[in-house]
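This report describes a predicted model.

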Amino acid sequence: MIFPLSRFDPASEIRRLQDDFDSLFSGHSGAVHAFPPVNVWRNEDGVVVTAELPGVERENIDVSVVGDTLTLRGGGEKQSLKEGDMWHRRERLSDAFTRTLQLPFHVDATKVEASFDKGVLTIRLPRAEQDKPRKITIKAA
Amino acid sequence: MATETRAMDKREAQQPQGVERTMTRKVFMPRADIYESGESLVILLDMPGVDEKSVDVTLEKDILTITGTVQPHIPEGHTLAYSEYEIGDYRRAFTISDVDRENITAVVKNGVLRLTLPKSAQARTRKIEVKTQ
């Protein structure tokens with residue numbers, strides 16, 4: 001049997017089908033994420049949310065917090081070309097965005113801190129005192 | 001990876017066959033906007049986490065290579081609860097020609113590198129008008 005030079009590998013086709021199925025049921029289920037993508041770090045006392053917003057000016061980023069909801073808003077500074085200029089490639093995203101995140105607990109809005117450095121937005125949200133679990137002592141009968 | 005990457009995912013950089021980096025950190029291709037004006041070629045690269053000290057731009061023959069390193073910032077005492085993007089270094093290379101090498105400028109601001117490559121004198125005057133019969 002003569003195999004054609006272009007490598008047809010049935011095993012990899014089956015593997016690809018498996019991968020596609022896996023990605024359907026794994027965490028990132030193929031749904032398009034809202035912009036900007038965020039990472040969330042947490043411990044018992046608070047949450048840290050980070051987002052990459054390269055090229056956005058600090059004044060154009062809006063961070064607001066209510067209860068257990070965080071809202072990020074901003075962007076929209078589209079680059080426009082002068083007369084006679086020509087695009088070679090256009091890959092960067094620069095649309096305006098609004099994104100709301102549900103946090104794992106209520107946060108103390110007065111103690112939230114946000115910083116923007118090298119295009120990375122970092123928001124520290126301490127847990128609200130009322131929302132902290134209360135230790136209950138178990139008395140001997 | 002067999003699955004299609006979504007428009008917003010970072011794309012991993014290609015390494016030449018059989019060549020590896022010494023570090024195990026991932027390398028991504030930064031998104032680029034490139035436009036040409038009468039006098040120069042401008043390249044804008046999104047590299048969040050990079051500043052002027054951690055970016056490297058080299059031009060060898062006609063290949064322009066840009067690399068940026070990112071210090072992973074993990075908040076102390078916290079664990080990752082949810083992740084939508086990965087953090088890694090950046091690398092991308094372009095072939096360019098007709099550039100005035102001595103006057104290339106590079107500026108980094110808010111994680112974006114802006115490279116301005118002025119066209120060389122020959123490139124600017126080379127335009128030959130094409131007429132129809």
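A:Leu70 has A:Leu101 of β6(A) as its bridge partner. The two strands involved, β4(A) and β6(A), are antiparallel and share six bridges. Together they form an open, antiparallel sheet of three strands in the order β3-β4-β6 (chain A). Because β3 (61-66) and β6 (97-102) of chain A are edge strands, each with a single partner, one side of each has no neighbour in the sheet. From one strand to the next, the twist averages 15°.

| Residue | Bridge partner | Strand of the partner |
|---|---|---|
| A:Ile61 | A:Gly74 | β4(A) |
| A:Val63 | A:Leu72 | β4(A) |
| A:Leu70 | A:Leu101 | β6(A) |

β3(A) and β4(A) form a hairpin with two residues between the strands, where A:Gly67 takes a positive phi near 60°.

In a regular strand, side chains alternate between the two faces of the sheet. In β4(A), A:Leu70, A:Leu72 and A:Gly74 make up the covered face, while A:Thr69, A:Thr71 and A:Arg73 make up the uncovered one.

A:Leu70 also belongs to the largest nonpolar core, which has 17 residues. It is among the residues with the most contacts inside that core, together with A:Val47, A:Val49, A:Ala51, A:Ile123 and A:Leu125. At least two core residues come from each of β1, β2, β4 and β8 (120-126) of chain A. Beyond its neighbours within four places in sequence, A:Ala51 is in contact with A:Pro36, A:Pro37, A:Val38, A:Leu72 and A:Leu121. A second, separate core has 16 residues, including B:Met47, B:Leu64, B:Ile87 and B:Leu117. Nonpolar side chains tend to be buried together in soluble globular proteins.

Overall, 35 residues of chain A are in contact with 32 residues of chain B. On the chain A side, 13 residues are nonpolar, nine are polar and 13 are charged.

Strand pairing also crosses between the chains: β5(A) pairs with β3 (residues 32-36) of chain B, antiparallel, over four bridges. Here A:Arg90 has B:Asp33 of β3(B) as its bridge partner.

Methods. Residues numbered from 1 in each chain as written. Chains lettered and ligands numbered in written order. Predicted model: local features only at pLDDT ≥ 70, side-chain atom pairs only at ≥ 80, totals over all residues. Contact = placed C-beta atoms within 7 Å. Nonpolar A, V, L, I, M, F, W, Y, C, P; charged D, E, K, R; others polar. Pairing = 2+ DSSP bridges. Axes fitted to C-alpha atoms, helices over the stretch in contact; angles between N-to-C directions. Core = buried A, V, L, I, M, F, W, Y, C linked by C-beta atoms within 7 Å. Buried ≥ 20, exposed ≤ 12 C-beta atoms within 10 Å, placed from the backbone.
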